[in-house]
Structures are given as C-alpha cells and as structure tokens.
Amino acid sequence: MRLHSLTLRNFRGVKDRSVSLPAIGTTVVVGDNEVGKSSLVEAFALVFELPDDSKAKRIADIQPVGQDVAPEVTVELTLGGRELTYTKRWLKNRATELAIVDPDGRRQSWTGREAHNEAERLFAENVDPVLWQTLMVSQGQSLVLPTPADAEPLITAVTAESGTPVDGASMPLVTAVEHEYLRYWTRGGRPTGEFAKSAQWVATAELTAAQALKAMDEVVADIRRAERLALDLEDLSGRLGEHLKSVEELRIRKKDTDEILLRRDSVRARAETARARLENHTRTRVERERLLAEVARFTEADAELAKRRTDAETVARKAAETVRAAEAALAEIVELKEERRGDVHEAERLVSKLADRAELDRLLVQQSELVDVRARIAAAGMVLDGVKVDDAVVAALEDARAKVVEARAALAAGVPEVSVRRVGAEVVLLSGTGLDAGAGVKVPGELEEDVQLLVSGELVVDVPGQVEVRVHAGGEAATLRSRLDEAVRLEKDLLKQARVKDLAAARELLRKADMVSAELQEARRTERSLTANGDPSERIALLCARLGISAATGEVEEDEPKPSGKQLPPVEDVPGQMSLFEEFEEDTFDFSDLVVPAMEGGDLGAAERALEDARAELAVAERLLSDAEFAAAQARKAADEDRSEAQQARARSELAEERLAAAVEALVAARAVLADEEVEGEEEKATAEVEAVLDELTAVQAQAHEAGADEAAGALNDALAVATRLQGERDVLRDSLRTTEGRLEQSGRDGLATRRDTAELELAAIRAEHEGLKRRADAARRVYETLGRHRAEAQTKYSEPLQTRIESLGRSVYGPSFKVWLDDDLAVAERELDGARLRVESLSTGAQEQLAIITRLAISHLVSTGEGSVPVIFDDALGWSDKGRLRDMGALLGRAGDHGQVIILTCMPERYEYVPRATFIKLEA
Amino acid sequence: MAGNSGVVGVLVAWLSVGRVSVLSAMEDSITFLHSSDWQLGMMRRFLGPDGQARWAQARLDAVMRIGDVAKQTGAAFVVVTGDVFEHNQVERQTILRACEALKRIEVPVVLLPGNHDALEPGSLWTSAQWTGHAPSHVMVVTDSKPIEILPGLEIVGAPWRSRRPLADPAAPGYAELPPAPEGTKRILLAHGQLTSLSGGMSDVPTIDQVALEAAVADGRLHYVGLGDRHSTTEVTERIWFSGTQEVTAPEETHPGNVLKVTLGADAIEVEPVRVGAWHMVEHHAELYDEESLAALEDWFAELPEKERTYVRLAADGSLPLPLLSRLDAMVDAQNEVFASVERWAKFWTVRPAPDAADLDALQLSGPARAAMEELRQALAGGDEGAGAALTLMHRLARDAG
C-alpha cells in the first residue's frame, strides 16, 4: 500500500487541508500542535472503518465543536496494484464514493454502501492488519517494541528468505503433543497424574504382595517344620520305648546284687572302726614317748641356763662400779674447768677497762679540737653576715655607673657648654639652674678660675655692677638634665644599700668576703672529719660511765636547775656563734667537771698477754673434760649391756623352769590314765583286730565284684538319666509340634494362599497397567522433546532474516558490536553492545525508542518487496535521543525511504533535520 | 482319619437305599465318574479381576455339571484324584462354595488329597472349616486301607501326606496289597506324574508306570484313576488321567472332561464327558500388511464363546503406522469382548514401519516434519523407543490435522 494524498474537510480543527505524499521516500510532515497532524492518521483509519451513516461516537467527536458541518475525508492510495480515490462524508449530506483504476487501466466506481464495502474488502485483502498496526506508530507509542510474529507479509518474507517454512499449520500438533506430554509429566519432567499415581500403586501392591508372600512362606516353613517335628517325634518315641525296656532289665539285675553290697558296706564300717581304734593307740604311744623325752631335755636345759644367769649378774655388778669411778673423775675435771673460765673472765675485764681508758684520752683531744674549729666557723659566719656585697650588687653598681657616665655625655652634647674665663679681677658670680661643672664638681658661686659649664637650665654670669650675662639652655636641656639626675640618684641608692662609698670599695669588700668564705669551708670540712664517727662527747660520756669517772666538784646547786656543761665559750668577737652552741643545750655531760684519774697498773699490752695465757689454760681444761666425758659414757654403755644380758639370762632361766614344770605335769596326768608299761600292749591288740576285719572285707569285695554289683547300679542310673533326657526331648518336640500345628490351623483359617495369589494377581494387573502407562509416557516425552528441539532450531533459523536486518540497521547507529536476540514473537528480547548483553527492559528510554524504530524499519525493509508492504508512519518520535543519536537515526530514516514510504508527523522538525533526501511538508495553522 | 469307617458306612447305606438299581447292576458292571485337579481357588493373572471371578465360578459350575453327568449316567459315585483345592490355605469362601458345589453331586464323592492339598500338617482336610461344612456323602481318603465302598468293590487310595514325597506317590496305595478276593473289583486312586509322561523333568518322585501296569495285570487293581495331569489322558485301558474339569492353561490339550468309567466283570469302558465351558487359546499372527491384519480380525471373529475364552496372542512383523494403530485398537477392542486377550510379551515383536507416504499424508512441514523424520530414522536404526514415539506422534498429528 502507498498513500498519495489525504484531504480533510471539517475534520476536528481542520477546515480544509490536503496533503500530498511521495509514493517512495521519507516525508516529514511538520506542524505545530493542534494543526491536525494526528488527524491525518485518524482520518485514514476512519475512512476505511466506519460507513458514512455510522453513529459511532468517534464520528461525533471529529465534527468541529459548535459547527453544524459535515466532516469529510478523501484519500488517494495504491492498494494491491490499483489506484483508489476514496471519499467519505459523515453526519450531513452523507456520501461515500470510490473510484478505482486497475493496473490495466480499467476504471470502476462505487457509491454509498457498496463503495464502503468494496473499499473495506480491498483493504482487508491487501493490508495485513498486524503489519499495519505494527508499522503505524501513534503518538506516545514510539517506545513500544513491535511483536510482529503474526504479521503475514513479514512471515512470508522471513520464510522466503530463511527457507524455513513457518509452521503455523502444525500449531495444533504442538498443542496436542504438549497436552499429551503433560498428561504424564510435569514441565519439570517429573511423573504426574495417572502415571505418577500408578507408580505409587505399583509400590503399594508390591509391598502388599511381598507381605502376603512372606506370610505364605512362613506357612510353608511351618509345614516343613511340622513334618520334620512329626518325624522326629515318631523316631524319638520309638527310641524312648526301646530304652525304657532296657531300664527295666537293669532294675531287676540290680535288685539281685544289692544284698552283697549291703554286707560289704557293713564289713567296711567295722574295718573303719578298728582302724580308728588302732590309730588312737598309736597316737597314745607316740605322745607318751614325746613327754618323756621333753622332761629329760627341759631338766638339762634348766641347769645350764641357771649357771649362765649367775655369770651374767656378776659381770653386771663389776661394770656398775667402773661407771661410778669414771663419773667421780669427770666431776673433778669439771671443777677445774670452771676455775680456768673464772681466770679468763677476770683478764678480759682488765683488758676492756684499759682499752676504754685509752679511747677516752683520744676522744678528749678530739673534743678540744672540735671546740676550736666551731669557734672559727662562728667567727667567719659573723663576718660574712656583715658583708652586703656580692657579685650581683657589684654588677648593678657597675651598670649604674655606666648609666651616669652615659647621661652626662648626653647632657654635654645636648646643652650649651659655656666656658667662663676670668680675665679681669672683678668678681664674677655664677648662678642659675641646671648647671654642671662635670664629674661631680660643684659649680662655684664665684668664679675663681676658668670653668666650663654645661647649662641645662639658666646660667647667670654676673659681674656685679658690670655685667650680667644670662644663658638659657632651652630645647631638650631640661630632659637631659633630669635623666642625668635620675642616673646619679640610682647609683647613690645602690651604694647606700651596699654600704660602700663607691664602686671600687664595693669591689674590695667582695674580694675580702670570698677569702673569709674559703676559710669557713675549710673549718667545716675539719668539723665533719672530727664528727665522722659521731659526736665524741656521747662516746666520752659512755666511757666515763663505764670507767666510773664523774665530775670532781660533785656539788650540784639545788636551786640552779641549769645543768652543768652549759658554760659557753667566749663569743664577743664571733657574732652569730650562739646558734652553734644552742645545739648542746640538751647535752647534760659536763666536760669542765671531768676529772680523769691516772690509771693504776694500767699496761694494756701486759693485760692482753695475761688474757691469752688464761685462755690457753681454759682450753687444756676443756680437752681434759671431753676425754673424761667420753670415758664415762663408754663405761655407762658397757654397764647397760651387761645389765641387759643378765636380765635376759634370768628370763630364759625362769622360762625353762616353767616349761619343765609343765612337761612334768603332763606326764603325770598321762600316767594317771595309762601306765607307761601298758601303752605298747594296747597298741598291739588293736593292730590284730584291724588285720582280722580287713581279711573279711577282701572276701566280701571279691564276691561283689564277681556278681558285678557296682556296674549294675551305675548302668541303671545311666539308663534312667538317658530315659529322662529322652522324655524331655520328646516333650519339647511334642510342644513344638502342637505350637506349629496351632499356627498352621490359624493360617488355614486366614486363607493366606488366596491372599498371596490375590495380591500377586493385583500386582501383575497394576504393573501391566503401569508399564502400559510408562510406554505411553516415554513415547509422549520422546515426541515432546524431539519436536521441541526441532521447533527451537527452526525458531532460531526463522528469526534470522529479521535479526540480520535489525543488526545491520543498528550497526549504522551503534557501531559493529551491536547485536540483538529475538523471542518467539520475533520481538527483540535482548541487545548486546560492546560485549554487554541486556534485556530490552533494562535499556534506557532513548535506547528502547531507537530500538523500536530500528525494528520497524527492519520489518518495513523485509516486507518492502512484497505485495503486502505498508507505509511506516511515526506520529512524533525520537523525543528521547540526544543530538548525536538524532544524526544517526536521521540517516537511518532517510535510507529507509529508499525502500518504501516513510511518513513522519512532528511538531519538532529539528529532530529530523539530519534525514537526507526527506520531503518536508509544512502544515500551516 | 478316624471318621473314615463311619463315612464309608454312611456311603454304603446311602448306596444300598438310594441306588438299588445300581446295586443290582453290580452283578454285571458298575459305573462311576472320575475327575481330578479341580484346583478350586486357583487364580490366573492374565484374566484380570473380572475374568478371574467369572472363571472361578465356571470351575465350580463344572463341578456341579459333574453332578448332572452322574445323574444322567447313573454313576454310583464320583472319585476325585487329587488337587481338589489349589492350596491348603485357600480362603474360607472357596471351601464353603466347594462344599455347596459338592452338594449338587447327588452320589457319594471320594476325594483324594494331592500335592496341592496334601494331608500335611495344617492341611485343609483336618481344618474345622472343612470338617464343619463338608457334606456327609463326601469322603476324604486319609490312608491306604482298602475301603469297600460297595459289596465287591474296593477303593484304595494313596493320599499325599506331604508336598514332597520321598518315593513313588502311588505305591503306598497298592504295593503291599494281595490280589483282590475273587469277585471283588479294586480301584486305585493316585496322584502324580507318570515316569513315562514326565520326560524326566519332574522334581518330585514319579509314579512307576511299569509297576502299576503289573498290578493291573496280576489282578490286584482293576482301574487306576490318576490325577495331576490337566489333559484327559489314557495311559492304558485301565489307567487314566481324567484331566481338569475346566481348562487352566492354553497348553492343555484335552481339559474340561469328566471320565465315565464302567467296570464290568472283565471289561472296562472309559468315556470322557465334557463338563468345562471355557477355552484358552494361543495364537500366533504374522502381521505385515492390511491383509494379514484383516486375517487376524477374521480369526477373532470366528472364535466361539468369546466371553469364556482367553486368547494369548503372539505376533511379529512390521506395520505402517495407520495399521499399527488399527492393530492396537483391534486388540484393545477384542480384550473387551473376550474374557481376556493378552499380548504375549515374550513373542510380541510387531514393529512400526512408517513409510514416506504415511508422513506425507499428514501434510506436516517444518519442525514437526523434521521431528517425525528424526524418529523414523532412529527407529530404522533399531531404537525401539522411537517406534512408540513415532506411532504416538502419528496419531496426534492425524487427530490434530
């Protein structure tokens, strides 16, 4: 189909407008809003759809508001090779006219309803509605991606190009295959429906059959068991019967032999009694012999032990004496040692006293030196206290001096210097303020010689009666003067504080103070060395106390509590010394009263030698004592051992006596029962008796052996045991058989074989049913999968032509990496750009719109050569693209016009300025 | 069985009072019926639940028809030589229904325990279910002592005491017997395979046919009624397998009979009388074209008594897909008509053979055609699963088209 022209009259806001469109190429119809661009599209749709007498609201809507006029549309187009001119007027003066020129030039025309029907028929015959809807993009629809799978011309074109027939006709088969598949399988491939149920039924039936079979197997096993038990029972009963017969035979035989055995038992009992009696007599004889031997042995031992006891007691007595002698000797030596120890103590006391006295002498000398030194320290301290000059004071004075000199120099430079020289004899008086003759020289009131003056205030040189000269310093003179005065005042204050007359005096005083200070330090070092071991006075007091030396006066005033020793050394020349002596106030020792008598016999060396001698004597005495103690200990130990020995000998002797007495007593008792001479006789009698009864026993045993008496009893016992065992076994078998038969009777009532057969029958039926279902399910799956695979392959191949077109067009916009994938509806599903593959929903709005336009142009391109081609109409598009994309898309829209009719309606012509070779039609308001 | 002599007394009295004509006939001959292998309670998995129920009833019906035959032939009594029941542990219903069927036989019935219902521990014969309900004219042989069922007529039996006998299961019935007294006829009831007929395949001891014939020859036995073989079989003139009263498997050659035995002074006459109503048929079909399929359809059509017929069908060959569908439909339909039509899986090798014309007729194109072609090639390559898939797809395409 190609559109050639559209004419609208009284159509919405359009009074009368005609638009001609080129049959091929891209046309851009430009018009501001509301000028009726969209009406063109609407008019084209209405003219084919609604007859002139239509009462549809859409017709009422197109009538201009408030105007009683008839909307009218005329369209000229080519349709299926025919040229059509089709006019329709609604509402008023309704009319429909159709004129057709066939390819062969034949003309036909219709009016009214016939015209409408013919036009409608031709449109339906030549225009695929899906394709038409796909390629006509209404306002606001430009983002919608086309899904053109049902557009017949497209399918024809794709089929022709891909060589893959579109299998539209086989869709019912696909549905049927899928339906068949879903009867047996879920989409995920799991059994479902009857098929799944039948598998469960098979499992259930298998379980039932297995249980029934097991129950029946148990019955069969029970039958076997019962058969076996019955056989065993029969066999055992036979054996038991046989055995009981032999038991009876044995019982008879045993009765016969029992008499012999009774007799044998009697003889055996008598033999036992005789043997016991013999043993008793033999024991009596042996006991008697033992008693006699014991009495003899104990008598001898008793005598021996008594002798040993006497000897031991003698030895013990001698040892006791030896101990006593040793202890007497030891006492003497102890006394000697105590004497020697007294000598040593006496010598030690003398040596100690002499040593204390020697130390006291030394300490007294030291104390005297200490007093001297402390006097020197006090004197030096007083001197130093009087000196007010130090390095800082001297430095301050020097500074003050320098400032005075400086101020004076400034004054000299800043004030008039007046030289007054006497040249006559007249009195010349000098007066005024701020005068300075320099360096502390006072300005004379009367000039006597030449004088030079600095004038900071006013100088009056008066030669009375002659002349009076006044000089005024003026300017800065007063300030300079006051600075000098201040410097001089400062210096004086400092000298006064330092108590010196000038700087030189201060320097001299500082030098002297340094010397005194050095002396003071020397004296303090001496004092420290003298008191290094503590203050000597404490030690002196201690030694005096020890030696018994005290003050000679001994008279202490009661009313003068001041303790002695408080007398101070002279301090008049040593100011500040008092404080030193104040430390002694608590010390009560009075040196002045100390009388140290001469020492009698006081040779310390001789005393020390005497001490050494006394100690040597003591050592000798101690050695003697040690020896004596050892000897005494030895003697005591020997005495203890001998005493112990004597005690043991006594104990043993006493024990022997007791045992002898006991043995004798036992012998006496035994003899009271049976005299010694009768013992052996009794024993011989008993021996004879035993021998006689043993002979009798041997005879009766031979008789029993001959009769087999012992074996008969054993055999009977054994046989009875076997019989008991067999009876027990038979009872067990009988019980087992009864139990098994009871079970079998019950199972017979339960009809277990029928149950098993029924279960197997049902299982077979269900299994057959399931196998049938499985065959059908497998077949359905095979068909479903095979067909599905082929459809997927066909789909891929089938969509290829459209995909290729879209990619080809898209690459001119996006470059060579552009790729798309189509879904079953031939709609673009995914796009890849620069290796990034995205679903179209994920693309930007602009990219989606561009893809929608590209897809439509690709479809148009594919169908352009066929009969069913239709124009591509965009009612406003590319509203989302930037300038760069507008250029590329414009080029694409221009190229699209090469193959067909592309019509763009827009109020933004600048969007399409890059469309090459486009025809622009401007709609004026 | 302790009650045996009592039962015999009842039987003899019953015969004396009720069957005077028979007694008088004894001077010349006596007629009785011989049956075996009723195997009541048996199930056949190929019949399905419905077929199974009808077939079980048919087996009881056949027992009752034996009663009719007895009446018609004037038989003095009926002997059943083993396997009256399928199992010692059949359900109570089976026993009670059997008792009811036995009541329909108006002459004395002597039952011999066989391998299926051996007189083993837990045997049905000693159960209260049997002893409480068994009709009074029915007697079970529990030992091998001769039973004088009529004056001048002795029955000796060799009941199975275990399902696994250690020696010739018939021997206890006659091995120790002296020759029959003058004028007395003797019938042996036994159960088991004959050495000569078992082909050495039996896993239990067989009956020594030579010894049996010797016993017949030396006058110890005058008729030997055997059970266990389901087909009516004449071993010798006086040694017979009666066969089952109603067919149990397609392999059986002459099932469904009862033997009418007339024992004369010197002669014997044995005549099979049909009492069974069912058929079990095995059929093998070669299927390769429409004609062969039609032949099979005809074969089915011609079978009588379809509702009482089980068909085991074997087939091989290959068929185009439409014919294969037709075959499936036919077999399914016949299965509804017959008692059962079973595809014999072991011998069922009919393959689909799709040709190009089949596929073209469906007018498939594109993926559907390609899929079908793939399946066809897979089938040609021996892929059995592809055959079923192809058949299904063919049907779906045909229905969808």
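Predicted model: local features only at pLDDT ≥ 70, side-chain atom pairs only at ≥ 80, totals over all residues.
**View 1. Chain A as a whole.** Chain A is built with 19 helices and 18 strands. It has 925 residues, and buried ones make up 39% of them. Its accessible surface comes to about 52000 Å². Carbon and sulfur atoms hold 51% of that area. Take the contacts in chain A between residues at least 6 apart in sequence: 74% of them join residues at least 24 apart.

**View 2. Chain B as a whole.** Chain B contains 13 helices and 15 strands. Of its 401 residues, 56% count as buried. The chain exposes about 16100 Å². Carbon and sulfur atoms supply 52% of this surface. Among contacts in chain B with a separation of 6 or more, 72% come from residues 24 or more positions apart.

**View 3. A negative patch on the surface of chain A.** Five acidic residues form this patch: Asp150(A), Glu152(A), Asp823(A), Asp824(A) and Asp825(A). Asp824(A) sits in the loop between strand S13 (819-822) and strand S14 (828-833) of chain A. Its relative accessible area is 58%. That value is over 50%, so Asp824(A) counts as exposed.

View 4. Glu287(A) and Arg290(A) pair through their side chains, with an N to O distance of 2.6 Å. Both belong to helix H7 (residues 193-386) of chain A. They are three residues apart, so about one helical turn separates them. Glu287(A) is partly exposed, at 36% relative accessibility. Arg290(A) is partly exposed too, at 40%.

View 5. Leu733(A) is 502 residues away from Leu231(A) along the chain. The C-alpha atoms of the two leucines are separated by 9.9 Å.

**View 6. The salt bridge between Glu830(A) and Arg839(A).** The side chains of Glu830(A) and Arg839(A) meet at 3.8 Å, N to O. The cut-off for a salt bridge is 4 Å, so this pair is counted. Arg839(A) has 40% relative accessibility and counts as partly exposed. Over all chains, the count of salt bridges comes to 98.

View 7. Arg376(B) and Glu373(B) form a salt bridge through their side chains, at 2.7 Å from N to O. The two are three residues apart in helix H12 (residues 366-380) of chain B, so about one helical turn separates them. Arg376(B) is partly exposed, at 27% relative accessibility. Glu373(B) is partly exposed as well, with a relative accessible area of 21%. Elsewhere, salt bridges with shared partners join five residues into one network: Glu180(A), Arg183(A), Arg395(B), Arg398(B) and Asp399(B).

View 8. Gln52(B) lies in helix H3 (residues 48-73) of chain B. Its relative accessible area is 8%. Buried means under 20%, so Gln52(B) counts as buried. Which residues does Gln52(B) contact, leaving aside its neighbours within four places in sequence? From chain A there is Leu761(A). From chain B there are Met42(B), Met43(B), Arg44(B) and Leu47(B).

**View 9. Two aspartates of chain B with positive phi.** Most residues other than glycine have a negative phi. Asp83(B) has a positive phi, near 55 degrees. Asp83(B) is found in the loop between strand S2 (78-80) and helix H4 (92-103) of chain B. At 1% relative accessibility, Asp83(B) counts as buried. Asp228(B) also has a positive phi, of about 110 degrees. Its place is the loop between strand S8 (223-227) and strand S9 (233-236) of chain B.

Terms used
Residues numbered from 1 in each chain as written. Chains lettered and ligands numbered in written order. Heavy atoms only, no water. Patch = residues over 30% accessible without salt bridge, like charges linked within 9 Å, V, L, I, M, F, W, Y side chains within 5 Å. Areas by Shrake-Rupley, 256 points an atom, 1.4 Å probe, with all protein chains shown as cover. Lys, Arg positive; Asp, Glu negative; His and termini not counted. Charge placed at Lys NZ, Arg CZ, Asp CG, Glu CD. Helix = DSSP H or I, 4+ residues; strand = E, 2+ residues; numbered from the N terminus. Buried < 20%, exposed > 50% of the residue type's maximum accessible area, 1.4 Å probe, protein only. Contact = heavy atoms within 4.5 Å.
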